[in-house]
Structures are given as structure tokens and as C-alpha cells.
Amino acid sequence: MESKKRAGVAIFALDKTDFKSTKINKDKEVHHIIIKASMQQGELTILNIYAPNTGAPRFIKQVLKGLKRDLDSHTIIMGDFNTPLSILDRSRQKISKDIQDLNSALDHADLIDSYRTLHPKSTEYTFFSASHHTYSKIDHIIGSKTLLSKCKRTEIITNGLSEHSAIKL
């Protein structure tokens, strides 16, 4: 029996959060899912992305461009980007032109990395690659400066269920 490795994304909300989805959209391969919802604090859009191992920065830019009309100042973008966003996000590697272009697109859209904003010099990571012997922060929570300015804490939490650590906002 052939085993095929699969990847995808999901979004869970606790019942006690009063989270009511008003729109759900996903791509065919489930590499991204977007949910618009209302909560007691107001409107929120969550975009969860799983970027493929190769071409991740270009893939993310393509997703953001395709969903541009759904993204606003109440949007949080999160997930496994499979790419670092800053030189501090990888133990051994330079930032490629594709990553620079992605950062430029995020900056142009007025989006910031919540963890990097609150921990500008930290070298904590969310993933270890045994084959490359590198530590990386390839999982991210990105959002508008307005929305994330309300966030006072974020931390990386070791996760026993996955090869990735979680980021708590």
C-alpha cells in the first residue's frame, strides 16, 4: 500500500470565544483557508497558510495577491510559511531575493510579524531540520500594525504533536 504525504491547514476556535464564522474559503489543495468571523471584540479575518517547501515566498505573495479583496486591517495571517522572514529567523542562512520581495510586499500591505515586533533580537525557532542541521522560525503570525498593536505578548511553545513549535499570540 502506497503512503502519500499530505499537508493542509485548519482553523479551530473554542466555543467560549463567541466566534461566529460569516465566510469560509479555501483552495482546492487546502494550502490556505480564510475565515471571516464576528466575535465579541468585533470583526476578524483569519488566513491560515501552508506554503510548499519550494517556492514558498512566491507562493505566499500569490495567495496574498489572490485574496487581496478579503484582507483588511482586521486580518491575521498565520501558518507554516516554510520560509524565514528575517536573518534572525534561521540559524545559518542569508535572506534570498524572493524573501526580500515577500517582505517588501508585506511592508507595502502594512503587515508586520507579531513575534519579531515584540522580540526584535530573539533567536528562538519553531522548526529544526535534521537534514540541513538548521533551526528556523518558519511559522509566523502576521497582521496589520493596528490590529497587532493590541497584542502585548507572543511566545514560541514547544509542541509534542508536531515537528513544529507553536506561536501563541
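Colleague: Which residues does T134 touch, not counting those up to four places away in sequence?

Modeller: T134 touches S91, R92, F127, F128 and S129, with that sequence limit applied. Contact here means heavy atoms within 4.5 Å. This is a predicted model: local features need pLDDT of at least 70, side-chain atom pairs count only at pLDDT 80 or more, and totals for chains, interfaces and linings use all residues. Residues are numbered from 1 along each chain as its sequence is written, and side-chain values use heavy atoms, with hydrogens and water left out.

Colleague: Where is T134 found? And is T134 buried or exposed?

Modeller: T134 is in strand 7, residues 134-136. Helices (H or I, at least four residues) and strands (E, at least two) are DSSP runs, numbered from the N terminus. T134 has 8% relative accessibility, so it counts as buried. Buried means under 20% relative accessible area, exposed over 50%, and partly exposed in between, with a 1.4 Å probe and protein chains only.

Colleague: Zooming out. How many helices and strands in the protein?

Modeller: There are 4 helices and 10 strands. From the N terminus the order is β-β-β-α-β-α-β-α-β-β-β-α-β-β. Of the 169 residues, 41% count as buried. Among contacts with a separation of 6 or more, 58% come from residues 24 or more positions apart.

Colleague: In what order do the 6 strands of the open sheet run?

Modeller: The order is 1-2-3-4-8-5, and the pairing is mixed. Two strands pair if DSSP finds at least two bridges between them.

Colleague: Which strands stand at the edges?

Modeller: Strand 1 (20-26) and strand 5 (111-113). Each has a single partner strand, so one side of each has no neighbour in the sheet. The twist averages 20° from one strand to the next.

Colleague: How do strand 1 and strand 2 pair, parallel or antiparallel?

Modeller: Antiparallel, over 6 bridges, with strand 2 covering residues 32-39. K26 has I33 of strand 2 as its bridge partner. K23 stands opposite K36 in strand 2. The two strands form a hairpin with 5 residues between them, and V30 in the turn has a positive phi of about 60°.

Colleague: Where else is phi positive in a residue other than glycine?

Modeller: N82 is one case, with phi near 55°. N82 lies in the loop between strand 4 and helix 2, and at a relative accessible area of 16% it is buried. D110 is another, with phi near 65°. D110 sits in the loop between helix 2 and strand 5. D110 is partly exposed, at 36% relative accessible area.

Colleague: On to helix 1. Which strands does helix 1 touch as it packs on the sheet?

Modeller: Strand 2, strand 3 and strand 4 (75-80). The direction of helix 1 makes about 145° with that of strand 3. Axes are lines fitted to C-alpha atoms, for helices over the stretch in contact, and angles run from 0 to 180 degrees between N-to-C directions.

Colleague: Which residues in helix 1 are buried?

Modeller: A56, P57, F59, I60, V63 and L64. Seen down the helix 1 axis, these buried residues fall within an arc of 160°, so they line one face. The arc is taken from the directions from the helix axis to the C-beta atoms. Q62, K65 and G66 are exposed on the other side of helix 1. Cover for the buried residues includes strand 2, strand 3, strand 4 and helix 2.

Colleague: And the largest nonpolar core? Which of its 17 residues touch the most other members?

Modeller: L47, I49, I60, I77, L106 and I142. A nonpolar core is a set of buried Ala, Val, Leu, Ile, Met, Phe, Trp, Tyr and Cys residues joined through side-chain atoms within 4.5 Å. Strand 3 (42-50), helix 1 (56-66) and helix 2 (97-108) each give two or more residues to the largest core. Helix 1 gives the most, with 5 residues. Apart from this core lies another, of 8 residues, among them I76, L147, I156 and I167.

Colleague: What does I60 touch, not counting residues up to four places away in sequence?

Modeller: I60 touches I49, A51, F81, T83 and L102.

Colleague: Last one, L106. Which residues does L106 touch, not counting residues up to four places away in sequence?

Modeller: L64, L85, L111 and I142. L106 is in helix 2 and counts as buried at 5% relative accessibility. L106 and G143 are 37 residues apart in sequence and 9.2 Å apart in space, C-alpha to C-alpha.
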